[in-house]
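Hi everyone, thanks for coming.

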Amino acid sequence: MRKVISTVMTLTLLLVLAWGGSAAARQIAPVEGLETLRRSFAGINDFSADIVQEKQISLLKRKMVSTGTVRFRKPALFFMEINPPRASRLLLNDTQITLYFPREKSTSQIALPPEQSLQRWFTFLARPVTSLPDGADVRADQQGDTLTVTVIPRSGGQVREFAVTLLTDGTIRKLVISEKNGDRTLITFSRVRKNSGLTDKDFRIN
Amino acid sequence: MLNRVTGATQSAIKRHLAWIFRVTSTRPVMVFVAFAFFIALSVVSILTTRFEADVFKLFPARQGALRLFLDSLQWTGSANEAYFLLEGEKGRIVPEAEAFAGRLKELRVDGAPAFRRVIYRIYDPSEARAFADFIGYAALHPGSFLEPADVPAYLRRLEPKAMDEALRRAGTELASQAGAGLRDLVVADPLALRDFVTPRLKRGSQALDLDPNSPYFLSRDGRVLIIIAEPARPVQDMAFARKLAKGINQAREGARVRISCAGAHLSAVIDEAAMKGDILSCILSSLAVVLLLFFATYRRVLPTLLLPVIIAGGVVLALGLAGAFLPSIHIISFAFMALIIGLGTDYSVHLYDRYHMERCAGLAPDEALRLAVTDTGHGIFTAATTTAMPFLTLAITDVRALSELGILVGLGVLFSLYTTLFLLPPLLLFMERLSPRFVYRPLPGFGLAALWRGSRRRARLVKVVSLLAVAAFCIMACFTTFEGELKNLQPRHSEAFLTQEKIERHLSLSPKQMLVAVEGKDFGDVLARGARVDLLAEHYRQRGELAAFSSLGQLVNDDAVRAEVVRQIDQGLAGRDPGRALKDALERQGFAVEPFEGTIAGLASLRGNGSSSSTEAIARLAASPLKGAVDRHLIRDAAGYHLLVHLFYKGAEFPQDAFLKELAAIDPSARATSVDLVSRQLAADVKQSFLWGFVIGGALVIFLLLSHFSSALGLFASLYPVFAGIAAMLGIMAASGMGINFMNAMVLVTILGMGNDYGMHIAHRVEGKDMPEREFVQAGRAVLLSALTTIAGFGSLAFADYGALASIGWATNYGIGATMIFALASLPVFLGAGRRSSSAPDRQMLP
């Protein structure tokens, strides 16, 4: 569970960040794809966006559609809220995940190991990407003005791959998370606001 | 008969001393060769002696509370564990803990990982699947895991409307960003029946009072976090433990929060340097004071320099002999040999003082030395044996701390005596040859002549004051208490001790704990007996006498409760099919049915499902990520099953004796332990040991004194100051709020052995002499110096950080100081009275 949550959130964050900066519109290699994400991150102190999440889960007969928001602030705060009727809020503070269900008024916390901390990812992004990260394969496809970067973890976790789709002007369109059990999550982004001066209040979980 | 025995003893001692004088004055080279030979033998013995470092082996642990206490440390492995306490700002403490735990995991000793495991989080996410599997099992086996009070709520959750609500909640969880991780849990328990099971499991598995909302071992105020680490090798391996301690110190360098370390064995190593420094500074300061006193009084360099040789010789010979016969020697017992500095110096003082005085009076070197060795030597022989015997009688005790201490100090005293008798005479003769023109000037009297005259002028007043003072001290001594709190004996600034206190303050469920063990080979029988203990504990908890208790019975129902829960479930589900109801609810809420077939089948067979046993439930719990809860409460080894019930209480409100009585009534074979019970057991053992030591040692002292003196006055003169000194020591301790404890009780034996020396020396020299004032000044000076050197040796411990040593130091200061004052101030009048009333003043006194 730990790896799934942390990887989903981290990639969600990184891919959303990429939306603001990249302007490349050409066939790129995997390393270049990641470098595009890295460059996009530079200069961003915080951002927020609205999301629509569609989950196709084998436990459910129908697709589950939810709306919500995501927020980020440096150095290591990430917040994601799903709106009612399936309301939930999730806060990642470096390595600590807090999950809150308003309707049930229940809170649970999970600690990530240091190697999966948010700070660690930003340390990775502090220098140009010249090689692929350990433990994952990366694929970058371009179709017209749309670029898709797919990350395939090599570990034995539940996630099969993550795929982000961006327009050549750097506008992120969607994030797809595919699990080995066939479950699939699609998140589409809109109304992204960068460096709007988010405060602690924007990261309150309850 | 007694007279014959004492006469024969006296005669044998005289012959023995005459032989020593003959040998040391005529064959000094042979004496040195023999001494060197025995020292070499002792060194070999010491080098092959195994020195023990396990503090728990200092006390008798064949049975009782201490046995169970040690067993529980062994079972849980907590004796070997290291505890790291991080203190700091709330926001900083968790990242620092992560970083420090990472460094501990990477720490290596001799190329191998230093720790087998390092834990600081309540829940390891990598165990999510196993956790979900167990929760699914527990939710469908309410007979084993559901408390009877929760049965109605459990049954309500199985109603269609409640099922719909639970499935909506499951949908919300799946929709969240953590949904992928919660999938297994939703499949295993779609109706969240875990709500009725997990609080109980969490409560029962909690050993520390932690923030329930934090995934870390974090205190409720968020300012203290504990990391528990299991070293890869036993920390009784001192070489490993020292390297580990060094690595730990490096790992916590540069941390932005305060990190302190504790742990039963590791703390001994962490504190080792501080303790060594403490003892070493006591030894060095004592030695310096002793040498300074000796030199300041006698102004002779070589005899002064001989003192460390005598002390070292006494220690090495004693340790060598003890090492040859004991299987091992504890390093703490060895540390107490520092006391030889104070004790071993006395004989040189008396011997040299007499020699100096006789030389000053004009006697030739040989004659002066003969008198010193055979006459004063008789006094110091009796003094040494009366000091050594009470210590040596401690060898019979069960308490290893005392028996080893008794053997080592007793032997140390005897060997110091013989080293003095064999080395000092040849040295004195050598000095005569070296400086034939040395002029022996009168030694300082320290006002003793004036004291003698003043006391005798106001004899009646001195007697009355002395007796009144003794009476007053005896009355005060009646208020002496026994200090059984082991914590007060700890080093006051020990990191481990302070850390342990912080753990108790911030993270303990209650200040005190008692552990009850129900044991046997038949698991079912052990569980049933454990249930009766639970019931007893629950009565005490309901009355507020126990703050809480935890047991396996709180995690898993015993057979009787299980039968009752199953009966209620069967009754509540009469005419209902919860499996079918779940299937319908899943379809209503848009869930696929197939992934939940296991749960549907489990619910369908819920009614009438009384087949699972407590044994199976415990086995499932032990195989789950919650196995720690089972490990805390159930141990299986070659002896059978050990079911442990932890009782938490605050203090006096828990009537321990009444509980133990009731426990014995319901289960005569159940054992119990707690710090209080261990203290009580140790106190009883120590009291018994000291009683026997006091009786046997006292009898030996009286026998030796009777062998020395044939008059009642001599016996009185020897025993009155020591009786007064012990009364004064106890009285002052009572007045200053200091109790007798496990360690300073040893001073009673010391005072008994040493205190009579002072009176004995004075009586030996004064009684029957024509110039008693001169004899009193000589003997009194030696007694004064002996007392001061003893206080310097023992008394310096008063300023030690180690509470046990400090209490010994203070008790000695009071006891020796008072004994000396009573001997010097009172005996002139009592001995004077004896002289006046004696019809035959010269009878039987030596010489």
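Let's start with chain A. Going from the N terminus, its elements run α-α-β-β-β-β-β-β-α-β-β-β-β-β. That comes to 3 helices and 11 strands, where helices (H or I, at least four residues) and strands (E, at least two) are DSSP runs numbered from the N terminus.

Some housekeeping: this is a predicted model, so local features need pLDDT of at least 70 and side-chain atom pairs pLDDT 80 or more, while totals for chains, interfaces and linings use all residues. Residues are numbered from 1 along each chain as its sequence is written, chains are lettered from A and ligands numbered from 1 in the order written, and side-chain values use heavy atoms, leaving out hydrogens and water.

How much of chain A is buried? Of its 206 residues, 52% are, with buried meaning under 20% relative accessible area, exposed over 50%, and partly exposed in between (1.4 Å probe, protein chains only). Also, take the contacts in chain A between residues at least 6 apart in sequence: 47% of them join residues at least 24 apart. Contact here means heavy atoms within 4.5 Å.

Now chain B, and some helix pairs. Two packed helices are described by the angle between their axes and the distance between the axes. Helix α30 (residues 675-708) and helix α32 (residues 745-766) of chain B pack at about 10°, with axes 10 Å apart. Axes are lines fitted to C-alpha atoms, for helices over the stretch in contact, and angles run from 0 to 180 degrees between N-to-C directions. That makes α30(B) roughly parallel to α32(B); the cut-offs are under 35 degrees for roughly parallel, over 145 for roughly antiparallel, 65 to 115 for roughly perpendicular, and oblique for the rest. Among the residues touching are Phe690(B) and Phe694(B) of α30(B), and Leu748(B) and Val749(B) of α32(B).

Next pair: α2 (residues 28-47) and α18 (residues 400-434) of chain B have axes that come within 10 Å and cross at roughly 140°. So α2(B) and α18(B) are oblique to each other. On the α2(B) side, the contact includes Phe32(B) and Phe35(B), and on the α18(B) side, Phe422(B) and Leu423(B).

Last stop, Gly572(B), which sits in helix α24 (residues 559-572) of chain B. Buried or partly exposed? Gly572(B) has 26% relative accessibility, so it counts as partly exposed. Gly572(B) and Arg607(B) are 35 residues apart in sequence, and their C-alpha atoms are 8.9 Å apart in space.
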